[in-house]
Amino acid sequence: MELNSKIPAGPVETKWTKYKSSVKLVNPANKRNLDIIIVGTGLAGASAAASLGELGYKVKAFCFQDSPRRAHSIAAQGGINAAKNYQNDGDSTYRLFYDTIKGGDYRAREANVYRLAEVSSNIIDQCVAQGVPFAREYGGLLSNRSFGGTQVQRTFYAAGQTGQQLLLGAYSALERQVALGNVEMHTRHEMLDVVVIDGKTRGIIARNLITGEIERHAGHAVLLCTGGYGNVFYLSTNAMGSNVTAAWKAHKKGAFFANPCFTQIHPTCIPVSGDHQSKLTLMSESLRNDGRIWVPKKQNDDRKPIDIPEEERDYYLERRYPAFGNLVPRDVASRAAKERCDAGYGVGTSKMAVYLDYAAAIERYGKIEVGKKGLSNISKEEIIALGKDVVKEKYGNLFDMYAKITGENPYETPMRIYPAVHYTMGGLWVDYELKTTVDGLYALGEANFSDHGANRLGASALMQGLADGYFVIPYTIGNYLADEIRTGHISTDHPAFLQAENEVKETLNKFVNCKGNKSVDYFHKALGKIMWNDCGMARNKEGLEKAIKEIKALRTEFWNNVMVPGTVDEFNVELEKAGRVADFIELGELMCKDALDRNESCGGHFREESQTEEGEAERNDEIYSYVAAWKYINAGESELNKEPLIYENIKIAARSYK
Amino acid sequence: MEHTGLNLTLKVWKQKNAATKGAFESYDVKNISTDMSFLEMFDVLNEQLISTGKEPIAFDHDCREGICGMCSMVINGRPHGPWNGTTTCQLHMRAFKNGDTITVEPWRAGSFPVVRDLVVDRSAFDRIIQAGGYVSINTGNPVDANALPIDKKLADKAFAAAACIGCGACVAACKNSSAMLFVSAKVSQLALLPQGQPERSSRVLSMVDQMDKEGFGNCTNTGACEAECPKEISLENIARLNREYMSAALASEE
Ligand SMILES: Cc1cc2nc3c(=O)[nH]c(=O)nc-3n(C[C@H](O)[C@H](O)[C@H](O)COP(=O)(O)OP(=O)(O)OC[C@H]3O[C@@H](n4cnc5c(N)ncnc54)[C@H](O)[C@@H]3O)c2cc1C
Ligand code: SF4
Ligand code: FES
């Protein structure tokens, strides 16, 4: 199939403006007769639901949590980017565009990324107008911090709870529309299939998680805002419920899945402490603003960190990448940590950790406070105490979280950190309008593949989710719905609805009737292990081929031997998990296939066969400058389609942070 | 860190659905690492139950990072358990001793009916927000974010109130099942900020009205909510809510 990305003609700076001024519109009276289904209420879904409700469309929104406010976006910590140039440090739309393309290792689509950079500053205005309490300076203006892969300060934040504050802003806008009758909210509902009639998306099948009832919902368009699929690895920084089911069901109904193997492994997470571990906790990238990362210069050094003198510490990021130091992009920082640990320099009981040290920052901030307050005759202890207060204000909730989980005090001793699965750049293929390869089916936020190429820069996911929901979809959906005004009411009695419903029921019954002897978690953990070992931070042909075989075998075993207690018509957590794991298993196989196909290293995708002598990732633009968009054929069988990536504004170069 | 294996007895509330009566059931778990989180201990218990053909215990959770507000267990009589300023998911087994018996119940409040076992229905909170917990602006082209400087002290206070995760522990902790701390957090955030001013009076009146309609009890200033709130939302917010309500009510009579 020919993939048409529908990029508007003209120079990149004017594409979006031109598109907006020439796109088809739907008049207000017609909007009232058009139903839009939005699955997911994270930043992407909540902002889309609120904005489309405001425009007058009839919106039905769904989430599996008990409230839209609990979507996984709530957990985002560090911040959101915007090209405001408030710091007067040389930022611009172009620079944010350039940083994002380069950060993504030249595997993202220029036109989409430019638009993202263009609307970024509007997002901050919108959120502030909603009452989002961003951090401020004493003068009352907004404060900024730095994130990896950039040399400007463009990240807006609310302590270590930026996602929470942004989501609560979008959630309150959404609830306002619920109160006004423009949005109908369905919580504790899980979408289990998309309904397609004559090539057009006409609705979804959802399960009421409280009663187990299977429901049909019709709409003139369906938006999937269902987040990322990092939990395919079992252990990740994602919330426990994050899953791929909605996207995967859409994939099976014809939506192409793009770059599934592009996974972001975040360098700074609390290391695994034992087999019981259920999830991994992120220590925000913002900590790399002030923290310094190091390991001992001696292998297997068992001394306590404070007993290791300065000259015996290896600040390996500062050593290898002097230009960006501790603020290199995530993929680079993660690989560097793995390299040190694999070489025997790791710390902690597992030796799979490196230090993130705040001692120097605490002292530096303490001295600044002394200066600010005009104090004299101050002891070192007092300086440290003042510095700790500053660090507490900036990162307090993160330090507390570390202390609770590890039982150690990060104000006194360096934190131990290690990379963990965090974000998925891959997702449903979408065109410039955020439409998938199925008519009327859209994907927004982390669920699509669009803007981050092979590696996402920190603080850019929140930006993308809100850009998609507040500022892109309200325009692009009109272009499709303008032709739907004559469709009229869609009946859920159509045979396609009945068939989809029956298939969903059949699958659910299969789970509970299987009565095997292994729990759903057993399979999820087994899949996670395969994925982490062979499709994780480093990948190679042999490992990927082995992983594909193992996953196929795991799939067979799952369907023959899974144990799901209880029935289908009740609140049944194990049943929910079974459906998600079944889809993860199929996705895992596709990820490995995609990783196998791409015999180059780019961004988060590191093929051991393709590296420089210094161990840096080596791209192969001649062969692999494309988006890999997979079409579903059968379980375990997919067809590769390629969308060539064309760079007209940015010169492709080797990515260097040295 | 020290690793110790704990043997524990759990007395857990089991209830099939809202229509049936519930009761405590006892379970033994063995060799629980002190490094585990409380919910990971429940994962172990559930695996144990599934492997013996029994139904696992239903409980709410998602982020396991103390921010989504989903987890909700009353542990030994305290919402979110023994550690102050900590959600259930962030509580770790270090808090317990070998041989302990731990009682685990759902939030108990008329306005939070039990869905199953430890899972309750907190949709009343969403309806309170629908009544006015927002600034009425549409998506569009608002003024530049820095056009309106805000005193850092005010912004910080608003942020502290906005940190509420909507978990409902304050209601569970209160003998009157009052939702005042939750409501006051949202009212305060928006009353403190310039963006919240135009709807300042109508907001407080209609949110309090909705709170009453949902059947939450009155506040008698016992302070149990603040003591159990995982985000340490301050009672000051309730005082502010009362002031806001008084002056709005007076103004609306005029
Ligand atoms: C710990 C952590 C910290 C982060 N920090 C940052 C940061 O500082 N800056 C940044 O830019 N990014 C950050 N990210 C990334 C960012 O948070 C996410 O990429 C982003 O929030 C995703 O938003 P979303 O709207 O696409 O999806 P989500 O917020 O994941 O929402 C998904 C929604 O879909 C619903 N859903 C899913 N499947 C179904 C189904 N089948 N049926 C019904 N509903 C369904 C869920 O209920 C939920 O409402 C962080 C991520 C993590 C894990
Ligand atoms: S005020 Fe505290 S206890 Fe109450 S809902 Fe908010 S965070 Fe939970
Ligand atoms: S699970 Fe999210 S706060 Fe506890």
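User: Which side chain has an N or O atom 2.5 Å from an oxygen atom of ligand 1?
Analyst: That of A:Gln65. This is a polar contact (a pair of N or O atoms within 3.5 Å; within protein, one must be able to donate a hydrogen and the other to accept it, and residues adjacent in sequence count only if both atoms are side-chain atoms). The side chain of A:Ser73 also has an N or O atom 2.5 Å from an oxygen atom of ligand 1. For A:Glu446, the distance is 2.6 Å.

User: Is this experimental or predicted, and how are things numbered?
Analyst: The model is predicted: local features need pLDDT of at least 70, side-chain atom pairs count only at pLDDT 80 or more, and totals for chains, interfaces and linings use all residues. Residues are numbered from 1 along each chain as its sequence is written, chains are lettered from A and ligands numbered from 1 in the order in which they are written, and side-chain values use heavy atoms, with hydrogens and water left out.

User: Back to ligand 1. Where does it lie?
Analyst: Ligand 1 lies between chains A and B. It is surrounded by 39 residues, and the closest are A:Gln65, A:Ser73, A:Gly78, A:Met191 and A:Glu446. A residue is counted if one of its heavy atoms lies within 4 Å of the ligand.

User: And what surrounds ligand 2?
Analyst: Residues of chain B, including B:Cys164, B:Cys167, B:Cys170 and B:Cys229. B:Phe125, B:Leu181, B:Pro230 and B:Ile233 are also among them.

User: How does that shell split by class?
Analyst: It has 10 nonpolar, two polar and no charged residues. Here Ala, Val, Leu, Ile, Met, Phe, Trp, Tyr, Cys and Pro count as nonpolar, Asp, Glu, Lys and Arg as charged, and the others, Gly among them, as polar.

User: What area is buried between chain A and chain B?
Analyst: About 6100 Å², with carbon and sulfur atoms giving 52%. Buried area is the accessible area (1.4 Å probe) that two parts lose on being put together, summed over both. Chain A puts 76 residues into the contact and chain B 72 residues. Contact means heavy atoms within 4.5 Å.

User: How many salt bridges between chain A and chain B?
Analyst: Seven. A salt bridge is a side-chain nitrogen of Lys or Arg within 4 Å of a carboxyl oxygen of Asp or Glu. B:Lys16 and A:Glu570 form a salt bridge at 2.8 Å, N to O.

User: Which element gives the most to the side of chain A that touches chain B?
Analyst: H6(A), with 10 residues. Among the elements giving two or more residues are helix H6 (162–179), helix H12 (380–406) and helix H13 (461–481) of chain A. Helices (H or I, at least four residues) and strands (E, at least two) are DSSP runs, numbered from the N terminus. By class, this side of chain A has 31 nonpolar, 27 polar and 18 charged residues.

User: What about A:Gly465 in H13?
Analyst: A:Gly465 lies in helix H13 of chain A. It counts as buried because its relative accessibility is 5%. Buried means under 20% relative accessible area, exposed over 50%, partly exposed in between (1.4 Å probe, protein chains only). Beyond neighbours within four places in sequence, A:Gly465 is in contact with A:Leu43, A:Ala44, A:Ser47 and A:Gly445. Its C-alpha atom is 7.0 Å from that of A:Glu446, 19 residues apart along the chain.

User: Change of topic. How many salt bridges over all chains?
Analyst: 79. A:Glu318 forms one with A:Arg292, with the closest N and O atoms 2.8 Å apart. A:Glu318 is in helix H9 (residues 316–320) and A:Arg292 in strand E12 (residues 292–296) of chain A, so the pair ties together parts 26 residues apart in sequence.

User: What about A:Arg320 and A:Glu616, buried or exposed?
Analyst: Both are buried. Their side chains meet in a salt bridge at 3.1 Å, N to O. A:Arg320 is in helix H9, and A:Glu616 is in the loop between helix H17 (573–597) and helix H18 (621–624) of chain A, 296 residues apart.

User: What is the phi of A:Leu434?
Analyst: Near 70°, a positive value in a residue other than glycine. Most residues other than glycine have a negative phi. A:Leu434 is buried, with a relative accessible area of 0%.
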